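Visitor: Could you show me how to read cavities and salt bridges in a model such as this one?

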Amino acid sequence: MLRTSLIAPLACALLLRETLCTSCVGGDDSPCEYEVVSLAADAETPWGTTPADDIAALEVPQHGTWRWGDSTESIEIDQSGFEQPAWATYVHDPTTIRFSDHVAGGRGIACDGQTVMVDGTLTITDEQDAVILSVPVTALRQDMAGDAYGASPQYSPISLFSDELHEKAEWDMTQVFGAILWINGGRLSGEFYYHGQSMRTETTGDGVVSLVGLFEADE
C-alpha cells in the first residue's frame with residue numbers, strides 16, 4: 001500500500017518541472033513557464049538560509065535500515081523482503097545548484113513556487129561499506145514545502161535503479177520512482193516503487209505499483 005503521508009506531498013509540492021509543463025495547465029489554458037538560473041552556494045534562499053548550509057545538512061551520513069520490497073507477479077526482487085542495517089549518504093554536484101521561479105503561464109496556484117535544487121548521488125551501503133544502491137537524485141525545496149527538502153526521481157529502464165530487479169510481466173511503460181524526504185532538513189526517509197502501465201484504449205489502461213525498496217534513518 002502506498003504511504004500517502006509521504007507520496008502525496010512529494011507528488012503535489014516537490015515535483016519540479018524545469019521546462020514547459022503541460023501537466024500544470026492553468027485556467028488561461030497555457031502551460032506554466034519557469035526561469036531557471038544558477039545559484040551561488042552562499043546566496044540567500046527565499047527562506048533565509050544559504051544553499052551551502054542546506055546542502056551540508058543533507059550530506060550528513062545517516063544510519064538506518066534498508067529493506068527490499070517483496071517480489072510480486074510483475075517484478076522479481078533477488079533479495080525479496082531482506083532487511084539490514086545500512087548507511088545513506090548524499091553527495092551533491094556543486095556546479096548544479098540552481099533556482100527556479102514561475103514567470104508566466106497557467107494559474108499561480110497550479111504552478112510550482114520558488115524552488116532551490118541541486119543534483120547529486122544517493123548511495124546506500126551496508127555496514128561493511130558494500131554498495132546496496134547508488135542512484136542520481138535531484139534534491140529540491142520549494143517555498144510551499146516548509147523546511148523539507150525532497151526528491152521525486154524516476155528511473156527507466158529499471159536497470160538504472162538496480163540490477164536486483166527483474167520484470168516478469170510486459171507493460172507498455174515501466175519505471176522505478178522514488179519518494180524521498182529529508183524531514184526538517186535532516187532525517188532521511190526514502191521509498192522506491194516499481195510502476196508498470198499499459199493503455200488499453202486512448203483513454204483507459206491498467207497497471208501496477210509495488211514497493212521495491214525502503215530506507216528509514218534511525219530516530
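Guide: Strands are DSSP runs of E of at least two residues, and helices are runs of H or I of at least four, both numbered from the N terminus. This is a predicted model, in which local features need pLDDT of at least 70 and side-chain atom pairs count only at pLDDT 80 or more, while totals for chains, interfaces and linings use all residues. Residues are numbered from 1 along each chain as its sequence is written, and side-chain values use heavy atoms, with hydrogens and water left out.

Visitor: Which strand gives the most to the lining of the largest cavity?

Guide: A cavity is a set of points on a 1 Å grid over the protein atoms alone where a 1.4 Å probe fits but cannot get out, and its lining residues have an atom within 4 Å of a point. Strand β4 (residues 83–92) gives the most, with 3 residues; the lining includes Ala88, Thr89, Tyr90 and Trp182.

Visitor: How many salt bridges are there?

Guide: Side chains of opposite charge can pair when their charged atoms come close. With a salt bridge defined as a side-chain nitrogen of Lys or Arg within 4 Å of a carboxyl oxygen of Asp or Glu, the count comes to 4. One of them joins aspartate 119 and arginine 98 at 3.0 Å, N to O; aspartate 119 lies in strand β6 (residues 115–125) and arginine 98 in strand β5 (residues 98–104), 21 residues apart.

Visitor: Is arginine 98 buried or exposed?

Guide: Buried means under 20% relative accessible area, exposed over 50%, and partly exposed in between, with a 1.4 Å probe and protein chains only. Arginine 98 counts as buried because its relative accessibility is 13%, whereas aspartate 119, at 25%, counts as partly exposed.

Note on methods
On a 1 Å grid over the protein atoms alone, a cavity is a set of points where a 1.4 Å probe fits but cannot get out, and a pocket is an open set with protein on both sides within 12 Å along at least five of seven lines; lining residues have an atom within 4 Å of a point.
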